[in-house]
Amino acid sequence: MATAARGIVDECLDVQPGEEVLVVADAKKEEVARAVARAATAAGAEAIITTMPLLESHGNEPPETVAEAMAAADVVFTCTTHAITHTRSRLAAAEAGARCGILRSVTEEMMVEGAMSVDFEELRTRTEAVRDVLDDASEVHVRSDEGTDITFSVEGCSAFSLDGYFHENYGFATLPPGESPTHPAEGTANGTIVVDVSMDNLGQLEEPITLEVEDGFVTEVEGGEQADALRTLIAESDENAGNLAEFAIGTNPEAKLIGNLAEDKKLAGTVHFAVGDNESLGGTLKSDIHLDGVVRTPTVTLDDRVVVEDGQLAADIFE
């Protein structure tokens, strides 16, 4: 894992000698955390690993002690099973000046193959191009052969380039790289989403999960046992758990569908939606969860322009 860890530390987060680097791990991700910490030490930084309990869900807050340490560090790497990207703690760390690198659900195998093996500079150009067309759009229409058919506005909603590099304007980098997300304008999404690859907290899907969305909120969840689990999770969480929080387009041609959202949602031509918290993406609806679900072969129309067709990114995006 050393090669990938050095690239993450030296290039993506630009760790400098003398900086204080906090590597947050849970018991399942300690080997990845050690690889990152070793790379930070080799860069001349003071690296500290803290291991916290396994969180119950993506979007849950870390313990207060960890949150305070994140805000005190120069650079934070979160090597955790469940993402803390969309949390008050991560936002507070960014506001305090910490550069955050998110390695959510990243395994030892993912550090050496698949999405992490991409040419990072080339991917940055590709992802920025997708970001630009998404940022310029007002209306989005997503369809798929499995039954997805949903429209929503992105008027006034910024898109991002999650290309693996740290971006100061939104305060974090994600690894593996390769997606451009935004958030649907609150209250505007209506239609059907059929998640047919994987879903946070559930992993690879045994059968598709259908989400019915009205005025920006999930009103029905249908499918098999995994759909039942998702429905229960949303119902037992807070009032914004059913908010359609995110829409993103994958840009990484080296990513694979492995049942792990950290990699699945980066595959070029896929899209993913999330329910729950949208604050980290520029929205105003806070939630204790943020759960992604991947659609394998979508067709995406931005205003009158088709930018993804049956899971293939349109070539003219990159011209």
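1. Strand S4 (residues 99-102) and S7 run parallel and are joined by three bridges; strands pair if DSSP finds at least two bridges between them. Ile-102 stands opposite Thr-174 in S7. Strands (E, at least two residues) and helices (H or I, at least four) are DSSP runs, numbered from the N terminus.

2. This is a predicted model, in which local features need pLDDT of at least 70 and side-chain atom pairs count only at pLDDT 80 or more, while totals for chains, interfaces and linings use all residues. Residues are numbered from 1 along each chain as its sequence is written, and side-chain values use heavy atoms, with hydrogens and water left out.

3. The open sheet has five strands in the order S2-S1-S3-S4-S7, with parallel pairing. Strand S2 (46-51) and strand S7 (172-174) are the edge strands, each pairing on one side only. On average, neighbouring strands of this sheet are turned by 15° against each other, direction ignored.

4. H2 lies across strand S1 (20-25), S2 and strand S3 (75-79), and runs at about 165° to S2. Helix H3 (residues 64-72) also lies across S1, S2 and S3, running at about 150° to S1. Angles run from 0 to 180 degrees between N-to-C directions, and axes are lines fitted to C-alpha atoms, for helices over the stretch in contact.

5. Helix H1 (residues 2-12) packs against helix H2 (residues 30-42) at an angle of about 55°, with the axes 8 Å apart. The contact (heavy atoms within 4.5 Å) is made by Ala-5, Arg-6 and Val-9 of H1 and by Ala-35, Val-36, Ala-39 and Ala-40 of H2.
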